[in-house]
Amino acid sequence: MKIRFSTLGLLLLPLALFSGCKKDSDSLEPTGSVNFTVRNVAGSQDLVLNNTVATTATGETFTTETFEYYLSNIKLIKSDGSTYAAPDTYFLVDQAKPSSLSFTVPGVPAGDYTGVSFIVGVDAQKTGLTDPATFTGDLNQANNMYWTWNSGHIFLKLQGTITSTTPNKPLTCHIGGYTDPNNAIVTATPSFSGAKLTVQANHTPQLHLVANVTKVFDGPKPVALSTFTGAHMPSAQSVQLAQNYAAGMFSVEKITTE
Amino acid sequence: MRRACSASRKSLPNKLTTVAAPRRTPWRGWLAGILLLGTLGAAGSAAVAHLRRPNAAFVAPANFPALVYDVAKNQPYEATFELGRQLFYDPRLSSDGTISCGSCHQQSRAFTDGQALALGVAGRRSARNTPALQNLGWHRSFMADGGVRGLELQALAPLTSPQEMNEPLADALAKLNADPEYRRRFAAIYGPGKIDTPQFLKALAQFTSALVSADSRYDKHVRHEPGGTLTAPEQRGLALFQQKCSGCHATDLFTDESFRNNGLDRTFPVDSGRAHISQLPADAGRFRVPSLRNVARTAPYMHDGRFATLPEVLAHYDHGVRPSRTLDPLLRQPDGRLGLPLTAQEQQELLAFLNTLTDNSLLTNPRFAPPPAAARNQLPLAGVGR
């Protein structure tokens, strides 16, 4: 009897293992990638560094030498309100580096998504770390988007010249800060306007974002360039500018599928 | 990189972990181990540089609080320490090749420079006095305003400050990567590939974190060790210190690491101290309480170096304290008088005590001195990573 049961067990073992495996692979959702592109603009014009004259809502003007910002903690939202938070997503968008104007988020569960959100900047937990080995990729401090005298990443850097004042004056916005009362971490949720982003295993949809540089100043808390003295550190001024760009800088231009 | 590093650690010989240490002072075992390694290294044995330092590294001196720095994420190795030392003393890391960390942080002055305000590239003056470098592994924050939150991040501040070394991090890394000797030394520790930010900062931190001061006559006194005898005036100074000064200069680190306004000024138009970081009015004029270890060697004093001598400092606390909204409460006496009343004799006794905090084991240890020019060529090609 004993022998028989053992034999039976041995015969059944591979079957059990096989069905176990099959069950596991069945439970794995198929995933795909989403490709993001960013087009920086000044109002209706494509942003050309050291060239484009940007005009704010009140008619003040500036030109741009540097325009860089982090997009992180990317979440995709389904129509039922459920979200997929893509892990470890930190992307530095730099208008001077064309390769930085598109990036891919892999491992997104297949399905139809109706919205997106992301932090413009870096979350407090990450930027507050003190081990430089944790700042991999775009977060590397050598990218010059980090305050060495006040530990933390610069979330958005806009440098240029205010041209609507006489004389012209330098424009410097270094926005950051992750502790109260000057926490400048903001989340943008540009609308899909009813469109769907369909993720499948075998093709990669593209989400085309537009970022309007004038919205750093135009927004719920407008800033007048005539009296603007710059933002260089975590401060109330930084928070004000962050609230502006969170509200209106990003929009979804279109969603395409290759 | 991290994987390669941890894999290599397993194969390392570990002979020196058994260095005996007296029970009362476990940190001495660590120090002895370092000295032993240093001696053997100087003898030119390539094998020795592969060895880990004793695992007892950074066991707190018996009279210290617990270590803050996470040594486990920057495991001490002799080769890495020596690389950090080389970086610390290399002026090429400044924008014009004239200023190294060691330019302002001079060993004989407890790693200060004797200047009121630090002197950077092209004769530029920093806004602040160079702080002493000692016991950095016990710091929770760095800089007089606490703006930097970790030891490994700290070096970035003077490196990139336009008034100090004026070198963007990317440029410093490019210089290191263009130097075959540095590439060889980094690769020996971290494996092949470009020298990157964490490698650079961690190597430097192995040197700066090793600058431990815990062997002054005062230390020997509190640990009941030979050589720890204090004279009667010194003992009276110690008692006075505990009564009047230890509210801020607390523990045997001689700082509670808080930010306080010690009454230097009524207003703070030039340097608001902690408020520069926090943007809080309540922090205006508050600066980090500095350690008083080796204080006899770190003149001039205060965040802006305004006092040339220790008697001037004591005179300030006796009768120079100025009122402001953020003046530290400990400097307001119950009768409304400002400061800490100190008789001439009390000031003499305090001075006598402060002199017992001088620690030659930090100030004269050849391991912390600029590396001999020849040392670069003596280093073995293979290091702990092989």
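## Packing of α13 and α14 in chain B

In this predicted model, helix α13 (residues 310–320) of chain B packs with helix α14 (residues 344–355) of chain B at an angle of about 130°. Their axes lie 11 Å apart.

From α13(B), the contact takes L310(B), P311(B) and L314(B). From α14(B), it takes Q347(B), L350(B), L351(B) and L354(B). These contact residues divide into 6 nonpolar, 1 polar and no charged.

## The buried face of α7 in chain B

Helix α7(B) has these buried residues: L169(B), A172(B), L173(B) and L176(B). Viewed down the axis of α7(B), they fall within an arc of 100°, so they line one face of the helix.

What do the buried residues of α7(B) pack against? Their partners are α6, α8 (180–190) and α9 of chain B.

## The contact between chains A and B

How many residues does each chain give to the contact? Chain B gives 22 residues and chain A gives 15 residues. On the chain B side, the elements that give two or more residues are α5 (151–154), α6 (156–160), α7 (169–177) and α9 (197–208). The residues on this side of chain B divide into 12 nonpolar, 6 polar and 4 charged.

Note on methods: Residues are numbered from 1 along each chain as its sequence is written. Chains are lettered from A and ligands numbered from 1 in the order in which they are written. This is a predicted model: local features need pLDDT of at least 70, side-chain atom pairs count only at pLDDT 80 or more; totals for chains, interfaces and linings use all residues. Two residues are in contact if their C-beta atoms, placed from the backbone, lie within 7 Å. Helices (H or I, at least four residues) and strands (E, at least two) are DSSP runs, numbered from the N terminus. Ala, Val, Leu, Ile, Met, Phe, Trp, Tyr, Cys and Pro count as nonpolar, Asp, Glu, Lys and Arg as charged, and the others, Gly among them, as polar. Axes are lines fitted to C-alpha atoms, for helices over the stretch in contact, and angles run from 0 to 180 degrees between N-to-C directions. A residue is buried if 20 or more other C-beta atoms lie within 10 Å of its own, exposed if 12 or fewer, and partly exposed in between; C-beta atoms are placed from the backbone. The arc is that of the directions from the helix axis to the C-beta atoms.
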